[in-house]
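Dear colleague,

I am passing on the structure below, and my notes on it follow.

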Amino acid sequence: MHKKFSRRMFMQGAAAALSATAAARITAAPSKEIVRPQPIYGPPPGVAKLNANENPYGPSPAALKAMMEASQKGAYYVYDSVMRLKSMIAERHGVTPDHVALGSGSSAGLTAAAIVAGREGNILGPDLFWDTTSRVVEIQNLGKIKRLPKLDSLAIDLDAMYSAIDDSVSLVQVTNPNNPTGMLINPVKMHEFCLKASKKCTVLADEAYNELTDSSDANTVIPLVKEGHDIIVARTFSKIYGLAGMRVGYLIAQPEKIEQMQRFGIGWYGLNQAGLAAAIACYEDHRFMDFCRGKVKEAREMVASAVKENGLSALPSVTNFMFVNLGDLNAETFRQEMEKEGVLIRGIYRDYTNWSRVSMGHLEDVEKYTSALPKVLHRMS
């Protein structure tokens, strides 16, 4: 009886103490301030996240269904799903699975390609391109990135690039369409360049945004890999497929080159069941890709109109982002001011201080950008 009484009294006392503590917290908290938890996945409510070239319309319904099913088998390491996706990619492009390497986004493959190149020489690229993975050669003191001089048009001069290939260059890297400019190289000129340049060194074509163009097959150099040329093509499921957070990408190259790069980190062992399942499910989902292209084009038209109306200009883009010329204004200051309006964009690239990149997102987020644009420009002027 004594034990039961003591336990009952203890429980009643504890409950009373908790109630008193909770009441005190409620009384002490400001009546108008409600603390909302920050989201773990994606941007906070009301924030237009237009700074990472993501496709918020993904994953596709088919990919979501596949991820749900695959997650239930998350206890098992990947293998069969890897082989299936490699076979699908190989069949699509008329190569063998040995020509294909999967990795965490295209970043893993691009980094491996840079390391291999850095052990043999320098990397040649345009003055402005997506060089995040290429910089590993300088970080690890393997080699250097040799850049072409600036052009007023910010286009890639393939003739100048070919002329710049010397014995010190082991790899020439072309991002097509280019990031952050959004511009596409003429496919005939790109093919001619790759044929010539691949006789001097390895050519790396970063085609992360290829599927966002109107004609993916016309704008790729994968057929040249099939013909046996020393060319590496990098692709990703992060852009048109809307799987940036699922981290699946691939390289297509000669089997001996694939084997060489796989020694430096790229490999399927680090992939996950859900990401692979999503990639398999949406790889040939042309209806979803057409839908996304339509939304991206609509968003680009909105941005292009707003830019023009506010006395600015932008480069012609075929991607899910645009490079806006701010004139005399500073792109980093512009980024900070847009953030105050709940719009996230990119700041300065290298020394291009007056160029600002904005990604295409949900139309309501793009509208948030276009609405904030005149207010921010007025404040900065």
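Which helix gives the most to the lining of the largest cavity? This is a predicted model, in which local features need pLDDT of at least 70 and side-chain atom pairs count only at pLDDT 80 or more, while totals for chains, interfaces and linings use all residues. Residues are numbered from 1 along each chain as its sequence is written, and side-chain values use heavy atoms, with hydrogens and water left out.

The answer is H4, with three residues; helices (H or I, at least four residues) and strands (E, at least two) are DSSP runs numbered from the N terminus. A cavity here is a set of points, on a 1 Å grid over the protein atoms alone, where a 1.4 Å probe fits but cannot get out, and lining residues have an atom within 4 Å of a point. The largest cavity holds about 50 Å³ of space, a volume being the space filled by probe spheres set on the points, which are joined across faces, edges and corners. Its lining consists of Ala 113, Val 116, Ala 117, Glu 120, Ser 170, Leu 171, Thr 202, Ile 232 and Lys 257, and helix H4 (107-118) and strand S5 (169-175) each supply at least two of the lining residues.

Elsewhere, three strands form an open antiparallel sheet in the order S9-S10-S12, where two strands pair if DSSP finds at least two bridges between them. Strand S9 (313-314) and strand S12 (355-359) stand at the edges with a single partner strand each, so one side of each is left without a neighbour in the sheet.

Best regards

Terms used: 1 Å grid on protein atoms, 1.4 Å probe; cavity = no way out; pocket = protein on both sides within 12 Å on 5 of 7 lines; lining within 4 Å.
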